[in-house]
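Hi everyone, thanks for making time this morning. I'd like to walk you through a structure, so please have a look at the screen.

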Amino acid sequence: MMLKALYNIEESWKIMALDAIAKTCTFTAMCFENMGIMRYEEFISMIFRLDYTQPVSDEYITVTDTTFVDIPVRLYLPRRKSETRRRAVIYFHGGGFCFGSSKQRAFDFLNRWTANTLDAVVVGVDYRLAPQHHFPAQFEDGLAAVKFFLLEKILTKYGVDPTRICISGDSSGGNLATAVTQQVQNDAEIKHKIKMQVLLYPGLQITDSYLPSHRENEHGIVLTRDVAIKLVSLYFTKDEALPRAMRRNQHMPLESRHLFKFVNWSILLPEKYRKDYVYTEPILGGLSYSLPGLTDSRALPLLANDSQLQNLPLTYILTCQHDVLRDDGLMYVTRLRNVGVQVVHDHIEDGIHGALSYMTSPFYLRLGLRIRDMYVSWLDKNL
């Protein structure tokens, strides 16, 4: 999936990205072999020959590529007639802000499955990608598409019940789903609100780049700490000084200390995940210039203050134990519950980051299919 998107990245970043991805794939292959999933050679050969754009057929829905105010979206519309308005799910795909598309096989398969199982309208948002486009482009695309969809005439056009709409996303898409939901729920000018949000192993902050999950999964399966830092830094800038400072946890600007309370894992993480790790504040001013996005909750939604969180809807968060982003989701669970938001949290002890990308041919990992079923089942019961 990542390899097929590299043509969009400038040559110097292609080399770095290919090197990082190759190392990640090699480590993943070794781990999969140890776990008995498949042999090393099989995994590597599959990575380099996969076609993630092949469509997944479904006779019960119509798939249409269109635009919402110039934002590309893929619409999944049930063909069955309904006497009542349908539920709707707006989905933001993952890919580290740099890769991915609603057309790619894994995300297309998930959205088709969701639309068919729930008899719901599903909207896959194809926001602009880094490094050609930096923050806030991705957030602005997502917000514009959602605001357009929530217009009365659009909901009527697609037969959507305005009281039964969910925003979902995985990984970096979970970041965008979180940020957009915060904006929509706190904007008095938006008439129709979101009933619920679903965040699947989301990345919600980089304010502190040395959380317990970063240490435990520094060389994790699929997503290592170094790859995560490289990808999120491209969300803000191509300047290589940022990822260097992030690796040392010295990238936050001097005026940002007041934000640390929103990501203080020594308070926000449950004790079982804190273990015996010692908390130290990130070092300020290690970057020679200031990036406004590093203190903006639209980019890092875990930085939202409590008043911004109080109006949020019912929230489902899924985290994975063997995931460098694990603690972002765990801390958000705590923060939402602290302000009275109803949260349902599932934690997968044998989970890895990006598992939803491994539920289509040739992998069919039980983990990816299990997460898919947990996600769609929860939506069916609650949306």
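I'll start with the sheet, then turn to the helices, and finish with a few single residues.

Some ground rules before that. This is a predicted model, in which local features need pLDDT of at least 70 and side-chain atom pairs count only at pLDDT 80 or more, while totals for chains, interfaces and linings use all residues. Residues are numbered from 1 along each chain as its sequence is written, and side-chain values use heavy atoms, with hydrogens and water left out.

So, the sheet. It is an open one of 8 strands, in the order β1-β2-β4-β3-β5-β6-β7-β8, and the pairing is mixed. When I say strand, I mean a DSSP run of E with at least two residues; a helix is a run of H or I with at least four, and both are numbered from the N terminus. Two strands count as paired if DSSP finds at least two bridges between them. Which strands stand at the edges? They are β1, residues 61-68, and β8; each has a single partner strand, so one side of each is left without a neighbour in the sheet. On average, neighbouring strands are turned by 20 degrees against each other, direction ignored. Angles here are between axes, which are lines fitted to C-alpha atoms (for helices, over the stretch in contact), and they run from 0 to 180 degrees between N-to-C directions.

Now let's zoom in on β6, residues 196-200. How many of its residues are buried? The count is 5 of 5. Buried means under 20% relative accessible area, exposed means over 50%, and partly exposed is in between, using a 1.4 Å probe and protein chains only. In a regular strand the side chains alternate between the two faces of the sheet. In β6, M196, V198 and L200 are on one side, Q197 and L199 are on the other, and both faces are covered.

What about the partners of β6? With β5, residues 160-170, β6 pairs in the parallel sense over 5 bridges, and S168 has V198 as its bridge partner.

On to the helices. α6 lies across β3, β5 and β6, at about 140 degrees to β5. Of its 14 residues, 13 are buried. From first C-alpha to last, α6 reaches 20 Å, close to the 20 Å expected; the expected span is 1.5 Å times one less than the number of residues.

Helix α3, residues 105-118, lies across β1, β2, β3, β4 and β5, running at about 35 degrees to β2. Helix α8, residues 225-236, has 11 of its 12 residues buried, including K230 and Y235.

And the single residues. T360 sits in the loop between β8 and α14. Buried or exposed? T360 is buried, because its relative accessible area is 3%. Leaving aside neighbours within four places in sequence, T360 is in contact, meaning heavy atoms within 4.5 Å, with R105, A106 and F109. F109 is 251 residues away from T360 in sequence, yet their C-alpha atoms are 7.7 Å apart.

Last, some backbone details. Most residues other than glycine have a negative phi, and most peptide bonds are trans. Here, the bond joining A130 and P131 is cis, with omega about 0 degrees, and the one from F135 to P136 is cis too, with omega near 15 degrees. P131 lies in the loop between β4 and α4, and P136 is found in that loop as well. V69, in the loop between β1 and β2, has a positive phi near 45 degrees and is partly exposed at 44%. V222, in the loop between α7 and α8, has a phi near 70 degrees and is buried at 16%.

That's my tour, and I'm happy to take questions.
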